[in-house]
Amino acid sequence: QGFGRVAVDGDGRWRFRALRPVAYSGRAPHIHAKIRVGGRELLTTQLYVQGDPDNARDGLWRRLSAEDRAAITSAYVAGSDGLTARYALVIAA
């Protein structure tokens with residue numbers, strides 16, 4: 001289990017460094033994300049790996065609409081700094 005803390009800049013950009021997630025106990029690889037401001041919890045979600053064959057077997061991922069799946073599923077692309085994935089997390093005021 002790994003935990004991290006992320007700071008967000010004035011334009012809403014964020015970066016979180018972690019290991020690429022792996023499958024466990026019937027679940028597809030995913031990263032748990034929880035967004036808080038002060039003591040107020042604004043969002044709890046899971047971020048999935050695009051194209052992972054375990055996604056189709058994951059009960060939570062399968063129950064989502066295609067639009068919702070697309071919002072929390074991203075490709076992991078090799079770069080100079082390891083694998084990179086981009087997720088747009090939008091919090092409405």
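**Close-ups of a predicted model**

**View A. Arg 20 sits over the face of Tyr 76, 5.7 Å from the ring centre.** For a charge to sit over a ring, NZ of Lys or CZ of Arg has to be within 6 Å of the ring centre and within 35 degrees of the ring normal. Keep in mind that this is a predicted model, where local features need pLDDT of at least 70, side-chain atom pairs count only at pLDDT 80 or more, and totals for chains, interfaces and linings use all residues. Residues are numbered from 1 along each chain as its sequence is written, and side-chain values use heavy atoms, with hydrogens and water left out.

**View B. Arg 69 is placed over the face of Trp 61.** Here the distance to the ring centre is 4.5 Å. As for rings pairing with rings (Phe, Tyr and Trp, the last by its six-membered ring, with centres within 6.5 Å), the count of aromatic pairs is zero.

**View C. Six residues form the largest nonpolar core: Ile 31, Ala 33, Leu 47, Val 49, Tyr 76 and Tyr 87.** A core like this is a set of buried Ala, Val, Leu, Ile, Met, Phe, Trp, Tyr and Cys residues joined through side-chain atoms within 4.5 Å. Strand 1 (30-37) and strand 2 (40-49) are the elements that give two or more residues to it; strands are DSSP runs of E, at least two residues, numbered from the N terminus. In soluble globular proteins, nonpolar side chains tend to be buried together.

View D. Leaving aside residues up to four places away in sequence, Tyr 87 touches Trp 14, Leu 47, Tyr 48, Val 49, Ile 72, Thr 73, Ser 74 and Tyr 76. Contact here means heavy atoms within 4.5 Å.

**View E. Asp 54 and Arg 57 join side chains in a salt bridge, 2.5 Å from N to O.** The rule asks for a side-chain nitrogen of Lys or Arg within 4 Å of a carboxyl oxygen of Asp or Glu, and the structure holds eight such bridges. Asp 54 is partly exposed at 22% relative accessible area, while Arg 57 is exposed at 53%. (Buried is under 20%, exposed over 50%, partly exposed in between, with a 1.4 Å probe and protein chains only.)

View F. Arg 13 meets Asp 9 at 2.9 Å, N to O, and Asp 11 at 3.3 Å. Arg 13 is exposed at 54%, as is Asp 11 at 62%, whereas Asp 9 is partly exposed at 31%.

Conventions:
Helices (H or I, at least four residues) and strands (E, at least two) are DSSP runs, numbered from the N terminus. Rings of Phe, Tyr and Trp (its six-membered ring) pair if their centres lie within 6.5 Å; planes under 30 degrees apart count as stacked, over 60 as edge-to-face and the rest as tilted.
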